[in-house]
Amino acid sequence: MKNVGEQLVYKLGILGSARIAVPAILEPARVVEQVRITAIANRTLDKAVTMAEAYRIPYVAGSLEELLELGDLDGVYISLSNELHTEWAVRALKAGKHVLVEKPMCLHPEEAERLRLVKEQSGAPKLAEGLMIAFHPWQQALKSIVDSGQFGPLHRISTRISVPAKDRYAGNYRSAKAKGGGAFADLGCYWLQFLQTLVGHQPREIRAQSAFDGPDGCDWTFRASLQYENGLEAECLTSFELPFRASHTLYFEHTVLTVPDFFRPVKGFYKIKIRHDLPDNRSTLCEFEPMNYYVNQLEAFAEIMSGQRVEALEATWERVHLQSLIMAEAQQCRVYP
């Protein structure tokens with residue numbers, strides 16, 4: 001870490017040269033002044049070399065272990081295969097590095113508990129999950145609308161997140177159960193994080209079902225709903241086979257609000273809108289200036305490293321646990337095609 005004027009600049013290394021590293025950290029680092037990418041390592045050295053040359057990363061470590069031993073690194077971004085996230089986050093924390101882990105931070109509640117214990121023991125290093133939508137202000141704005149009661153009680157939330165799988169994700173973690181494959185494991189975290197921000201995670205009833213008819217027995221379409229004590233119902237459809245959509249619809253007593261195409265800012269700097277969705281009212285309630293989710297995320301991670309922003313890890317552990325319960329419910333209520 002070094003000072004540039006009055007600003008702290010953190011040196012980060014990258015563990016893993018998966019494609020997500022480009023939009024999630026390499027491109028944002030070009031505009032986030034608090035961060036410099038100074039090293040990279042990958043289990044296949046050639047891939048790390050190629051990425052380093054393309055993005056002018058000064059140092060390519062010979063191994064993942066060597067990168068963690070570098071004394072001038074403040075933190076790391078982990079973009080390894082999902083099943084390796086917990087192991088290398090633990091190693092990085094024990095090496096004294098701040099850690100940003102590409103979502104999911106972990107696959108199972110047991111891994112979340114391991115991370116929690118290591119985090120408590122490791123002291124200073126910070127830990128954050130790269131769940132990029134969490135760092136945009138539209139969710140807090142929507143929570144303020146709900147809390148204000150200006151449209152009456154919120155009765156129902158309907159979410160659809162469907163991303164068609166090209167070639168059934170052959171060779172991709174999304175088609176391998178042990179690597180966090182399936183639509184709900186990959187996409188359901190966005191729904192759960194949204195609900196967590198908006199209304200919390202204390203459902204009285206969980207319902208879920210899937211045919212689990214994707215590759216390796218993964219869920220290719222997954223339906224889930226949560227019922228709350230106050231009568232609110234939150235439902236979600238995630239799918240790798242339906243046409244693309246990423247939207248939230250909120251049904252209040254006096255209006256219906258929608259957040260259409262909320263994934264768009266992963267592709268660049270785009271606006272997000274909160275709109276009325278009534279036959280006689282399609283007006284925009286809130287509109288946010290163009291933002292990039294990953295730029296927001298990297299700026300937030302810099303604030304977490306500096307102590308300006310809290311880690312909010314309890315929310316992560318809670319989300320992992322609930323996602324596991326929902327998946328278990330679907331396994332019990334399996335729908336056969």
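Predicted model: local features only at pLDDT ≥ 70, side-chain atom pairs only at ≥ 80, totals over all residues.
Residues are numbered from 1 along each chain as its sequence is written, and side-chain values use heavy atoms, with hydrogens and water left out. Local features need pLDDT of at least 70 and side-chain atom pairs count only at pLDDT 80 or more, whereas totals for chains, interfaces and linings use all residues.

The largest nonpolar core contains 77 residues, a nonpolar core being a set of buried Ala, Val, Leu, Ile, Met, Phe, Trp, Tyr and Cys residues joined through side-chain atoms within 4.5 Å. Buried denotes under 20% relative accessible area, exposed over 50%, and partly exposed the range in between (1.4 Å probe, protein chains only). L142, W191 and I326 have the most contacts inside this core. Helix α7, which spans residues 183-198, gives the most to the core, with 10 residues; helices (H or I, at least four residues) and strands (E, at least two) are DSSP runs, numbered from the N terminus. Apart from this core lies another one, of 29 residues, whose members include A61, L68, V76 and M105. In soluble globular proteins, nonpolar side chains tend to be buried together.

With residues up to four places away in sequence not counted, W191 touches T159, I161, F184, A224, S225, L226, A234, E235, C236 and I326, where contact means heavy atoms within 4.5 Å.

Two packed helices are described by the angle between their axes and the distance between the axes. Axes are lines fitted to C-alpha atoms, for helices over the stretch in contact, and angles run from 0 to 180 degrees between N-to-C directions. Helix α7 packs with helix α9 (residues 313-332) at an angle of about 125°, the axes being 10 Å apart. The two helices α7 and α9 are therefore oblique, since angles under 35 degrees count as roughly parallel, over 145 as roughly antiparallel, 65 to 115 as roughly perpendicular and the rest as oblique. The crossing of α7 past α9 is right-handed; a crossing is left-handed if the near helix is turned anticlockwise from the far one by less than a right angle, and right-handed if clockwise. On the α7 side, F184, A185, G188, C189, W191, L192, Q193 and Q196 meet A315, E318, R319, L322, Q323, I326 and M327 of α9. By class, this contact of α7 with α9 has 9 nonpolar, 4 polar and 2 charged residues, with Ala, Val, Leu, Ile, Met, Phe, Trp, Tyr, Cys and Pro counted as nonpolar, Asp, Glu, Lys and Arg as charged, and the others, Gly among them, as polar.

Helix α7 also packs with helix α6 (residues 138-148), at an angle of about 45° and with the axes 9 Å apart. This angle makes α6 oblique to α7, and the crossing of α6 and α7 is right-handed. Residues W138, Q139, Q140, L142, K143 and V146 of α6 meet Q193, F194, T197 and L198 of α7. The contact of α6 with α7 has, by class, 5 nonpolar, 4 polar and 1 charged residues.

Helix α4 (residues 85-94) is mostly covered, 7 of its 10 residues being buried. The buried residues in α4 are H85, T86, W88, A89, V90, A92 and L93. G96, which follows α4, has a positive phi, near 85°.

Residues up to four places away in sequence aside, S247 touches S158, T159, R160, V259, P260 and F262.

Most residues other than glycine have a negative phi, and most peptide bonds are trans. The peptide bond from K103 to P104 is cis, with omega near -5°; P104 is found in the loop between β6 (98-102) and α5 (109-122). R56, which is not a glycine, has a positive phi of about 55°. R56 lies in the loop between α2 (45-55) and β4 (59-60) and is exposed, with a relative accessible area of 77%. D261, likewise a residue other than glycine, has a positive phi near 50°. D261 is found in the loop between β13 (256-259) and β14 (270-276) and is partly exposed, with a relative accessible area of 33%.
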